[in-house]
Amino acid sequence: MCGIVGYIGTKEKKEILLDGLQELEYRGYDSAGIAVIENHHLEHFKAVGKLENLRNKTKSYNSNGFGVSIGHTRWATHGKPTELNAHPHLGEFSFVVHNGIIENYQELKKELQSQNVTFLSQTDTETIVHLFENYYKKTPNAFTAFTQTVSRLEGAYATLLITEAAPEAIFFAKNGSPMLIGFGEEEVYFASSDTPIIGKATEVYYLEDGEYGYTQNGTVFLFNADGAKKFTTKALATDKAMAQKDGYRFFMEKEIYEQAHVMNDTMMGRVLDNRVYFEELENNLFDNIRAIKICACGTSYHAALTGSYLLERIAKIPCHVEIASEFRYKEPLLHDDTLFITISQSGETADTLEALKMAKRAGLKSLSICNVDNSSIVRESDQAILTRAGIEKGVASTKAFATQSMVLWMLALYVAQLREAIDADTLQQELQAMRQTPKALLVNDKLHEKIHRLSKRYLHGHGFFFIGRDLFYPLALEGALKLKEISYRHAEGYPAGEMKHGPIALADSELFTIALMPKTLHYDKIKSNVEELSARDATILAISPEPFELADDFIQTHYDEHPMLEFFEMMVVTQLLALEVSIRLGNDVDMPRNLAKSVTVE
Ligand code: G6P
């Protein structure tokens with residue numbers, strides 16, 4: 001969840017780095033830094049907070065003439081957002097920037113400390129620069145030392161290193177985190193995505209996992225496990241807005257596809273080998289807590305409902321959920337043995353913020369689950385967990401919901417660990433399933449094509465019912481909300497077992513039922529609810545791993561071992577359905593009528 005920029009050439013480097021970082025700032029903005037080597041002179045600057053602070057700090061600095069430079073904007077994962085923890089990290093004569101996580105950093109750190117290396121930061125990244133310098137001292141060849149360093153790294157990384165030992169080169173390596181090389185006239189750029197270099201470089205090469213190397217005198221020397229590697233560049237896009245959409249038609253579409261990747265960020269450093277860990281939470285948060293109340297609005301409310309099932313089932317703690325705008329005026333009875341959780345993508349929703357203030361006035365401890373650090377809700381809460389979804393531009397929330405649901409699943413396990421409500425085997429099974437989530441979120445081309453084709457049958461009718469039971473009831477609510485937000489069709493989410501108590505009166509062939517039929521939770525129950533609707537001639541789109549004969553349309557899902565994997569896979573199906581229906585109806589998918597991304601009024 002960070003951004004990287006690098007430049008080697010004769011242009012003024014500070015502006016190139018800062019402008020590039022500005023494009024990436026949405027990926028992380030709790031600190032930023034740059035480092036430049038020019039005429040054998042090493043210079044570096046770091047600042048906490050937004051990039052603006054780094055700009056102010058570097059006002060009187062300029063770098064003309066040939067040189068190498070790297071920059072970074074950070075979203076803290078290991079260690080708090082302080083200047084010491086900001087990148088670039090320095091050794092004695094080198095600097096490094098890094099995205100991702102070095103999983104074996106503790107082992108590497110111990111090894112280096114036993115050789116009297118002093119660490120200044122709490123980050124995993126700092127190990128890279130010390131490892132490099134340690135190898136260099138033994139074999140004074142910078143590329144050999146860099147190769148040895150890379151061979152020791154486990155985990156995900158995109159990294160750039162500059163060193164006085166080779167002041168005309170930038171060393172790079174990529175595995176699991178994005179990185180590209182841009183080519184201009186006698187100059188080479190690096191960046192973690194292409195927007196920082198659009199308008200500057202003309203050609204680009206997107207590095208693949210396991211590739212590393214260095215660039216010197218305008219040439220890039222590229223290697224992988226098989227040795228030196230030839231590569232071909234391609235023309236770089238010229239339109240920034242298009243590039244931001246990465247070729248997708250809408251931001252919402254891009255964000256649906258991004259979910260698999262983003263989920264790794266959400267879990268990073270939190271889902272460990274045998275437990276869930278939240279570095280950001282103080283150990284005593286759950287002391288004397290006997291119940292949880294969650295308040296939220298819109299999509300975040302649906303995530304909250306999902307969380308309530310998980311917290312009660314896994315952590316065995318009573319959990320109640322309320323819509324923030326209702327909670328505010330109901331004169332709620334609050335007890336200080338209740339932990340008050342707010343969920344908000346933006347961190348600015350007025351009703352949620354006000355609910356939080358009320359709970360605080362009543363003396364409750366508070367925790368927020370939010371996507372925006374330093375937002376009002378995060379600042380107001382005692383403690384916060386960031387969802388790390390990255391900026392979400394589509395007004396209809398997708399990846400924010402996915403990451404909120406994931407954080408709640410992790411929180412349920414975390415609380416279960418604290419309360420010893422889960423045995424070791426079950427915990428292992430949960431963690432194993434959790435690690436599979438990114439795969440369950442991958443959008444398969446065939447699936448998307450199928451949903452595109454069948455969406456043409458779901459443009460009219462007199463309404464949609466999304467139905468599900470248990471965890472799939474909040475998902476049904478969310479599926480219906482997505483559809484109504486961007487297609488303007490009437491859609492409701494309903495608990496499947498409740499249809500017979502009224503709504504079934506609406507059933508006829510013009511009533512579209514989207515049935516969420518997971519195999520792992522109450523399959524037979526939901527099946528009979530859908531049969532009741534089918535018997536009244538409702539049109540049924542069934543989503544399930546199990547073929548269902550009465551369905552008019554059927555989308556087969558694949559994960560059938562854990563409810564949350566089924567949940568995430570089905571979530572993607574409902575998101576794509578809303579997207580495709582909206583596109584066919586000619587609506588503005590990213591900016592639907594009457595809605596706003598962040599609602600800061602009551
Ligand atoms: C608005 C947005 C919704 C969002 C809701 C709550 O209505 O359009 O997508 O779910 O606010 O926002 P929050 O930022 O608190 O999650």
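L333 is exposed, with a relative accessibility of 75%; exposed means over 50% relative accessible area, buried under 20%, and partly exposed in between (1.4 Å probe, protein chains only). L333 sits in the loop between α9 (324–327) and β18 (338–344). Helices (H or I, at least four residues) and strands (E, at least two) are DSSP runs, numbered from the N terminus. Between L333 and A359, 26 residues apart along the chain, the C-alpha separation is 9.9 Å. The model is predicted, so local features need pLDDT of at least 70 and side-chain atom pairs count only at pLDDT 80 or more, while totals for chains, interfaces and linings use all residues. Residues are numbered from 1 along each chain as its sequence is written, and side-chain values use heavy atoms, with hydrogens and water left out.

S151 is also exposed, at 59% relative accessibility. Helix α5 (residues 142–152) contains S151. T520 lies 369 residues from S151 along the chain, and their C-alpha atoms are 42 Å apart.

G71 belongs to strand β4 (residues 67–74). Its relative accessible area is 0%, so G71 is buried. Contacts (heavy atoms within 4.5 Å) of G71, leaving aside neighbours within four places in sequence, are made with G3, I4, V5, L17, L21, G33, I34 and V97. G71 and I16 are 55 residues apart in sequence, and 9.5 Å separates their C-alpha atoms.

Lys and Arg count as positive, Asp and Glu as negative; His and the chain ends are not counted. K399 is also among the contacts of E255, together with I391, E392, K393, G394 and T398, when neighbours within four places in sequence are left aside.

E103, E107, E154 and D273 form a negative surface patch. Patch residues have over 30% relative accessible area and no salt bridge; like charges are joined within 9 Å, and nonpolar side chains (Val, Leu, Ile, Met, Phe, Trp, Tyr) within 5 Å. The place of a charge is taken as NZ of Lys, CZ of Arg, CG of Asp or CD of Glu. Accessible areas come from the Shrake-Rupley method with a 1.4 Å probe, and for residues only the protein chains shown count as cover. E107 counts as partly exposed because its relative accessibility is 48%.

Conventions. A salt bridge is a side-chain nitrogen of Lys or Arg within 4 Å of a carboxyl oxygen of Asp or Glu.
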